[in-house]
Amino acid sequence: ECGWEEREVMAYLNPALSFGHIRGFRGSTEPDPSTPALLRLSDTLLTHYRRGVRPVRDWRTTTTVAIDVMVYAILSVDEKNQVLTTYIWYRQHWTDEFLQWDPAHFDNITQISLPAESIWVPDILINEFVDVGKSPDVPYVYVRHHGEVQNLKPIQVVTACSLDIYNFPFDVQNCSLTFTSWLHNIHDINLSLWRQPELVKFDRSVFMNQGEWELLYVLSHFQEFSVKSSDSYAEMKFYVVIRRRPLFYTINLLLPSIFLMVMDIVGFYLPPNSGERVSFKITLLLGYSVFLIIVSDTLPATAVGTPLIGIYFVVCMALLVISLTETIFIVRLVHKQDLQPHVPSWVKHLLLERATALLSIQMSRSHAEVSALHLNGSLPLLSLNPAAKLNHYSSEDPREREVAGGTRPTPAFATPAEGSLLIHSILHEITTIRQFLEKRDEFRDVAREWLQVGYVLDVLLFRAYLVAVLAYTITLGTLWSVWQYA
């Protein structure tokens, strides 16, 4: 048997041997039954423990740290600053060769909780850390009798992440959490995965999935890397893949824009010669501008890219401007002016003949005449038939009417010379009226022709506009559907 001093030296060299028999007695190998087993075990393990030294008896032995991650919640995704804030349950365990005991000597105790600050803890950090989160402090770790140390704690992780917002609001983000030892190389500290990769990938048992983001899966990958041909380091990557729930943005962003575009298409059914179409489309354009101002704060903003939905809004605004420009052009085309020239023959051939046959446009002449008269604000041509009678009389010679027994004799009080001058004055006035009516009929014909051209051109541009809108809508819908269900 050895004395007290020898036992103390042996316990210092190997704390896991019979050092637990030292406290509670002096010079005796029997433990003091009045001392609780947990206190005796704690004193045995920590009295001469050196927390600053890696806990291996042979320095060539590698300490393997097994880690595990369970995602609890996605707190925020900051697209502007490219920062992801998550709340995870982090677990790690390793073997401490200086924290081993025989349970038979300590009332069959197989595990004990010890203060984390009193033992050696590996310096495992997350490379993507950009800020210290509000994580609760868990001051204890579990130690088993064969030296396995389990460190379980929740962590609020604020990490840098390359966020791709091009597919917003149907975007899927892939952010990595890289665990590695900041100081020790792979010969001192190696990393491994606590559970199987398949179990980690689809584990959503603790995830709170009632927010904006949905957890798809967590991928794990181990790799070894070195910096400038120096020592190699071990790192374990966890790829957190999340997907945004688009229902809120679909209702508040996409549907109002779609409704305004549908109303713009319906506005083409207003008569082209009506000024109401211009005011209607201007109102739509102003309403869409106000809508974009309201939703500008909702769209994510980054310095490296623009989401596709922003391009969608810009294109919709451009389509509204094109629609308004087309309406102004058609109204200007069909508007009657006194100095408006005749429709060129090539325009008549292309639009009034070939385009109507190609597009199956039914041109009603009576409708065109009524529209032209509506533009003029005048009476129908049938009301001018009495003037035609006057024109007929104006073409006859006064002497022929006298020979034929004309019904318009010269007044009795007028001399023949005065009667002839009066008749010539009346005939001159009638000729002037006839020329005026012929000129007005010519203006009517010109206005009618331009109205027909404007009507055909309006139908042609409307169909082209409708095809462009439908093609654009189908393309975006297909892209977003593929991204959402990929």
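**View 1. Contacts across the chain in the predicted model.** The chain has eleven helices and eleven strands, and of its 486 residues 41% count as buried.

View 2. The mean pLDDT of the chain is 79, and 75% of its residues reach 70 or more. Over residues 1-30, however, the pLDDT is below 50, and this stretch has 36 contacts in the model beyond near neighbours in sequence. Residues 366-411 likewise stay under 50 in pLDDT, and for them the model has 42 contacts beyond four places in sequence. Where pLDDT is low, the predicted coordinates should not be read in detail.

View 3. The peptide bond that runs from phenylalanine 168 to proline 169 is cis, with omega near 5°. Proline 169 is placed in the loop between strand 7 (148-160) and strand 8 (172-181). Most peptide bonds are trans.

View 4. Aspartate 107 has a positive phi, near 55°, and is placed in the loop between strand 2 (83-95) and strand 3 (111-115). Asparagine 108, in the loop between strand 2 and strand 3, has a positive phi near 60°. Most residues other than glycine have a negative phi. Aspartate 107 counts as exposed because its relative accessible area, 61%, is over 50%, and asparagine 108 counts as exposed because its value of 59% is over 50%.

Conventions. Residues are numbered from 1 along each chain as its sequence is written. This is a predicted model: local features need pLDDT of at least 70, side-chain atom pairs count only at pLDDT 80 or more; totals for chains, interfaces and linings use all residues. Side-chain values use heavy atoms; hydrogens and water are left out. pLDDT is the predictor's confidence in each residue, from 0 to 100. Contact means heavy atoms within 4.5 Å. Helices (H or I, at least four residues) and strands (E, at least two) are DSSP runs, numbered from the N terminus. Buried means under 20% relative accessible area, exposed over 50%, partly exposed in between (1.4 Å probe, protein chains only).
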